[in-house]
Amino acid sequence: MRGVVIVDYRMGNLASLINSFEAIGAKPRVIRTPEELKDANRVILPGVGAFRDAIDHLRETGMDEAIRAYAQTGRPLMGICLGMQLLFKRSYEFGEHEGLGLIPGDVVRFDAARLDAGLKVPQMGWNRLHVMKDTPLFAGLPKDFYLYFVHSYHARCNERFVIGETLYGYTYPSAVARENIYGVQPHPEKSHNNGLQILKNFMEL
């Protein structure tokens, strides 16, 4: 199986993601510099934490431009959780911050006024992803399947980029795609067999 690189920008523990890739026979490599990104053929942008801290670190290291350049090569790129949010043009998490701009759209906080009684922010736990479009990323999975979520903000974008959505008080985009660029809000590496299938599909793109 071809290799995959995981971008380490100091935003979360990568151990479970590395273990999940190894479980499907992949050989993940953690990278921290733009030079290491040039020869990659699969890239994962993971992350847990604050959008501003993440994008600031990517800019300080030059990884923001390196990721944009990589995306132009047509090789697969997938953002997970905060990594997915970084793919968008801007985030409104504690102010307004420019993202990587690889997918048009914004990242906004859950609207508490639209949540049912008992639903809290952050959304934390298992929830269902509904597949909106046929995509190789979800090959071998049913139209509706469960994944593990932990987040207070979600994407808001044109429906043409939405390949999966989730209901949490209201529906929001939980998986997106634009050509070779993919994003999933839930954590495949914490989602057992369903998550492993997504990672396997990504390795086969």
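A residue counts as buried when its relative accessible area is under 20% and as exposed when that area is over 50%. Tyr-70 has a relative accessibility of 3%, and therefore it counts as buried. The structure discussed here is a predicted model, and its secondary structure comes to six helices and 13 strands.

**Overall dimensions and surface**

- The protein has 205 residues and a radius of gyration of 16 Å, which agrees with the value near 17 Å that a compact globule with that number of residues would have.
- Along the principal axes, the C-alpha trace extends over about 50 × 40 × 30 Å.
- Of the 205 residues, 54% are buried, while the protein as a whole exposes about 9300 Å², with carbon and sulfur atoms supplying 48% of that area.
- When contacts between residues at least 6 apart in sequence are considered, 71% of them join residues that are at least 24 apart.
- The charged side chains number 24 positive and 23 negative, and the centres of these two sets lie 2 Å apart.

**Nonpolar cores**

- The largest nonpolar core holds 35 residues, and the members that touch the most other members are Tyr-9, Leu-37, Leu-77 and Leu-86.
- At least two residues of this core come from each of β1 (4-7), β3 (43-45), α3 (51-61), α4 (63-71), α5 (82-86), β7 (103-109) and β10 (153-156).
- Helix α4 gives the most to this core, namely five residues.
- Another core, lying apart from the largest one, has 33 residues, including Ile-24, Cys-81, Phe-110 and Phe-202.
- Leu-37, when residues up to four places away in sequence are not counted, touches Val-5, Val-7, Ile-31, Val-43, Met-63, Ala-66, Ile-67 and Tyr-70.

- Tyr-70 lies in helix α4, and its contacts, not counting residues up to four places away in sequence, are with Leu-37, Ala-40, Asn-41, Arg-42, Val-43, Arg-75, Pro-76 and Leu-77.
- Arg-42, one of the residues that Tyr-70 touches, is 28 residues from Tyr-70 along the chain, and the C-alpha atoms of the two are separated by 9.7 Å.
- Asp-64 also has its place in helix α4, and this residue is buried because its relative accessible area is 8%.
- With neighbours within four places in sequence left aside, Asp-64 is in contact with Leu-58, Arg-59 and Leu-100.

**Ile-80 in strand β4**

- Ile-80 belongs to strand β4, which covers residues 77-80, and at 1% relative accessibility Ile-80 counts as buried.
- The residues that Ile-80 touches, not counting those up to four places away in sequence, are Leu-17, Ile-44, Leu-45, Pro-46, Gly-47, Val-184, Pro-186, His-187, Pro-188 and Glu-189.
- Leu-45, one of these contacts, is 35 residues from Ile-80 along the chain, with 6.2 Å between the two C-alpha atoms.

**Backbone features and exposed loop residues**

- Most residues other than glycine have a negative phi, and most peptide bonds are trans.
- Arg-10 has a positive phi of about 60° although it is not a glycine; Arg-10 lies in the loop between β1 and α1 (15-23), and counts as exposed at 63% relative accessibility.
- Phe-94, which is likewise not a glycine, has a positive phi of about 55°; Phe-94 is found in the loop between β5 (88-91) and β6 (97-98), and its 63% relative accessibility makes it count as exposed.
- A cis peptide bond with an omega of about 10° joins Val-121 and Pro-122, and Pro-122 has its place in the loop between β7 and β8 (123-131).
- Gly-118 lies in the loop between β7 and β8, where it is exposed, with a relative accessible area of 68%.
- Gly-118 and His-151 are 33 residues apart in sequence, and their C-alpha atoms are 16 Å apart in space.

How values were computed:
Residues are numbered from 1 along each chain as its sequence is written. This is a predicted model: local features need pLDDT of at least 70, side-chain atom pairs count only at pLDDT 80 or more; totals for chains, interfaces and linings use all residues. Side-chain values use heavy atoms; hydrogens and water are left out. Helices (H or I, at least four residues) and strands (E, at least two) are DSSP runs, numbered from the N terminus. The radius of gyration is taken over C-alpha atoms; the globule rule is 2.2 Å times the number of residues to the power 0.38. Buried means under 20% relative accessible area, exposed over 50%, partly exposed in between (1.4 Å probe, protein chains only). Contact means heavy atoms within 4.5 Å. Accessible areas come from the Shrake-Rupley method with a 1.4 Å probe; for residues, only the protein chains shown count as cover. Lys and Arg count as positive and Asp and Glu as negative; His and the chain ends are not counted. The place of a charge is taken as NZ of Lys, CZ of Arg, CG of Asp or CD of Glu. A nonpolar core is a set of buried Ala, Val, Leu, Ile, Met, Phe, Trp, Tyr and Cys residues joined through side-chain atoms within 4.5 Å.
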